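I set down here what I looked up in this structure, entry by entry.

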Amino acid sequence: MSFTNFKLGGSSLQFIGLQNYVNMFNDPQVWGSLGVTVKYGLLALPVAILFPLGLAVLLNVKHLYGKNIFRTLFYFPYIVPFVAAIFVWAALLNPETGWINEFLRSLGVTEPPNWVNDTFWVYPALVILGIWGVGNAMLIFLASLQGVPTELYDASKIDGAGWWSTMGNVTLPLISPVIFYNLTLAIVGLFQYFTVPLVLNQGTGAPGGATMFFNLYLYKVFFTYQNMAYGATLAWLLFAIILAVTMFMFGTQKYWVYYTADSR
């Protein structure tokens, strides 16, 4: 389809060769939407890994009172329908009546952020919204932490290692396959980021095009502009990007991912 001029309700189907790909590379919106996606990813990916990992570390403490209740509470938001959660967070982030800004005003902040209506604050707002659904990643990290042999912790304690040293030399290497797994899924999910900007700003890319993510632009080309051929071309670009990033991740894992059954 990407080699044709196919549009819904358009002229007769014709083979046009690589013209759609030429148009794609000359389309500023393609590179703008990729830039939006990467810019958001630089902020969101560290949070998507570090925040659930931190929660898992806290909930893995042996003598934490009520930790089973906390595990359940942290996981519950993950099973809430995501569209409903977006509407809830849109209300919470409302600059005039939202609870978050009301709380900031109570602390003395006279001009709290405009959140989803500001090109600077919209990305932190989206990250805050994304924290809502980290329960699944937290559960995976928690399972990996509980799989670390306790004798290694005992040995490090005998050697005089502190908490940070044990975390860096025992815990993180042994759970690195799980970090790799969650990071790969997070990167793939980043390039498929779609539902939040579609529901939050009705897919307009507001404010100022800051939420026109690549997958949202692809959707608009397909179903708003009904340009199926050009949409298929963008879909191939998305596939190529995700494939390249995934291959890069698997190619570099030998330098930082430790597998106990691997002689490396």
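I began with the secondary structure and found 12 helices and 0 strands in the chain. For this I took helices (H or I, at least four residues) and strands (E, at least two) as DSSP runs, numbered from the N terminus. Read from the N terminus on, the elements run α-α-α-α-α-α-α-α-α-α-α-α.

I noted the basis of the entries: this is a predicted model, in which local features need pLDDT of at least 70 and side-chain atom pairs count only at pLDDT 80 or more, while totals for chains, interfaces and linings use all residues. Residues are numbered from 1 along each chain as its sequence is written, and side-chain values use heavy atoms, with hydrogens and water left out.

I next looked up the extent of the chain: along the principal axes, its C-alpha atoms fill a box of roughly 75 × 55 × 30 Å.

I then turned to burial and surface. Of the 264 residues in the chain, 41% are buried; buried means under 20% relative accessible area, exposed over 50%, and partly exposed in between (1.4 Å probe, protein chains only). The accessible surface comes to about 15100 Å² (Shrake-Rupley method, 1.4 Å probe), and 68% of this surface belongs to carbon and sulfur atoms.

I looked up contacts (heavy atoms within 4.5 Å). Among those with a separation of 6 or more, 62% join residues 24 or more positions apart.

My last entry concerns Val61, which lies in the loop between α2 (28-59) and α3 (67-75). Val61 counts as partly exposed because its relative accessibility is 41%.
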